[in-house]
Amino acid sequence: YGMKDYNNAIVSAISFKQQEKATKDMEDEANYIIAKSYYAMDSNDKSKEYFSYLTSSTNGSYKAEASYSLANIAFKNAEYDKSEKIIKQMSKNPTDEYFLAKAFILWSDIFVKKGNTFQAKQTLQSIIDNYDGKDIVEEAQSKLNALNDLENKKKQENNKQLENQENSVDEIIIEDK
């Protein structure tokens, strides 16, 4: 998997899982490699199957990444309600701060898709204010800046339309009878 030879990584991990001596932790690691390999190859249906196994893992990192990945796949498939449901479930029982923060950034994208930019901005601001990891904060700040720029552009367009309307002359015809 580390060498990006995903097909061989999948074959090896499946073979490894089938060994009698494989513990639950080893099986989780194999499922992780399989899921990530399929995900890297854009085989989302197959990756969902193995990420689903990992959502019940005792390894908090695997569980969190699997949940985030399932939410992200649902988002990519325009299944926004499903993605949001997964994120809400993650937030009720967080097991990994990094993937919870990633999930909240994804949640802001869902809010944007649903037309709730106010909530999207608040979610991003919360990450910026409360998360310590530089990469996540930078990603949240970048998305917040893009939302603010989009809002400012819309305001300018609206102001220009209003100005054009005010400057237009209406013709009134008065008839004497």
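Rings of Phe, Tyr and Trp (its six-membered ring) pair if their centres lie within 6.5 Å, with planes under 30 degrees apart called stacked, over 60 edge-to-face and the rest tilted. The model is predicted, so local features need pLDDT of at least 70 and side-chain atom pairs pLDDT 80 or more, while totals for chains, interfaces and linings use all residues. Residues are numbered from 1 along each chain as its sequence is written, and side-chain values use heavy atoms, without hydrogens and water.

**Exercise 1.** Count the aromatic pairs, then classify the pair Tyr39 and Phe51.

*Solution.* The rule gives ten aromatic pairs. For Tyr39 and Phe51, the ring centres are 5.8 Å apart and the planes stand at 80°, so the pair is edge-to-face. Tyr39 lies in helix α2 (residues 24-40) and Phe51 in helix α3 (residues 44-54), twelve residues apart, so that the pair links distant parts of the chain; helices here are DSSP runs (H or I, at least four residues), numbered from the N terminus.

**Exercise 2.** Classify the pair Trp107 and Phe111, and decide whether each residue is buried or exposed.

*Solution.* The centres of the Trp107 and Phe111 rings are 5.5 Å apart and their planes are at 20°, so the pair is stacked. Because Trp107 and Phe111 are four residues apart in helix α6 (residues 97-113), about one helical turn separates them. Buried means under 20% relative accessible area, exposed over 50%, and partly exposed in between (1.4 Å probe, protein chains only). Trp107, at 13%, is therefore buried, and Phe111, at 11%, is buried too.

Notes: Helices (H or I, at least four residues) and strands (E, at least two) are DSSP runs, numbered from the N terminus.
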